[in-house]
Amino acid sequence: MDDRDTIGAAYLAHLTEADLRELAHAAEVSAAQADARIQALRRAPGLLLDILDRPAVSARLLNLTSADPAQRFALISPFLTFAAAIHRIAADLRASGYAPERTTPRLRVPVFDGPQLAAYLEEPAHRLFLAELLSSFARSSSGVIVTQTSRGVRRRRWNDLDLGRLAMLLGALPEQDRPPVWRRLGDLALFLTGVFPAAIERALAGRLDPARLARSTGLAQPPASAAAPAELFEWLGAGWYRLAASHASGSAATMLARTALTAADQQPGHRPGDDPAASARMTGRPATS
């Protein structure tokens, strides 16, 4: 299985039966034809990337021409919705020298890094990473950690939208089970920095101690240069991604961890190769000093 099929298989793992039937135009063809198309996608999952690259497909999936806004996104999963949007944005950026960025609810300004963004989105693994990142915030997960202490049983609740509680969950897991939590910490830091920067400032003004958070999740003391809230969370997120990358195992996990590591390396203030040992583990090349 080549890289495109590996990434396509990762897409398939997120898609529901309704997603597949929508991609197969099940409402427009016979049941036998729809089943044959779905089986073809399962045999050659790399075809999914080609299908999502078609403007007509993303327009249909996103219901961009729907007369009834209430019907938008009703039949497909959040993952397929975001995947279709990312593939469409990638196509739009190829033909544009800038990207519009929202600065206020009613104001957008052009940011002239369109070619850089387009180059990033050309890599299929990066599109998968972004679709997983964005769709992961469509629903939250939570649970309870039960531990035995000298005073009896202790129950602590965690959820994957709270950095402090995620750090607590990380400490309760064996090392081999920690990479997904490190990645989620990195996702949350990246998402908050880019989408809800005010939430970062509120957290830092409250009970969140960055130095304690860093130590409890396997990172060093935050550098003095990362004084601004956004810079601090960029540093934390980059560190968590590198930890996820260096501890991941298996071909699919390694591919996704390398993608997350690329996102970490592109954080402002980070120099690619700052962690030679992690880079060596992910690329198979010997570490250099």
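Predicted model: local features only at pLDDT ≥ 70, side-chain atom pairs only at ≥ 80, totals over all residues.
A word on the ground rules. Residues are numbered from 1 along each chain as its sequence is written, and side-chain values use heavy atoms, leaving out hydrogens and water. Local features need pLDDT of at least 70 and side-chain atom pairs count only at pLDDT 80 or more, while totals for chains, interfaces and linings use all residues.

Let's start with the helices; helices (H or I, at least four residues) and strands (E, at least two) are DSSP runs, numbered from the N terminus. How do α10 and α13 cross? The axes of α10 (residues 179–195) and α13 (residues 229–247) come within 8 Å and cross at roughly 155 degrees; axes are lines fitted to C-alpha atoms over the stretch in contact, with angles from 0 to 180 degrees between N-to-C directions. The two helices are therefore roughly antiparallel, a label for angles over 145 degrees.

Now to His87, which sits in α6 (residues 78–94). Is His87 buried or exposed? His87 is buried, at 2% relative accessible area, where buried means under 20% (1.4 Å probe, protein chains only). Beyond neighbours within four places in sequence, the contacts of His87 (heavy atoms within 4.5 Å) are Tyr11, Leu49, Leu52, Asp53 and Arg127.

Last, the hairpin. Strands β3 (residues 142–149) and β4 (residues 152–159) run antiparallel, joined by eight bridges; pairing takes at least two bridges found by DSSP. Two residues link β3 to β4 in the hairpin, and Gly143 stands opposite Trp158 of β4.

Terms used
Buried < 20%, exposed > 50% of the residue type's maximum accessible area, 1.4 Å probe, protein only. Parallel < 35°, antiparallel > 145°, perpendicular 65-115°, else oblique.
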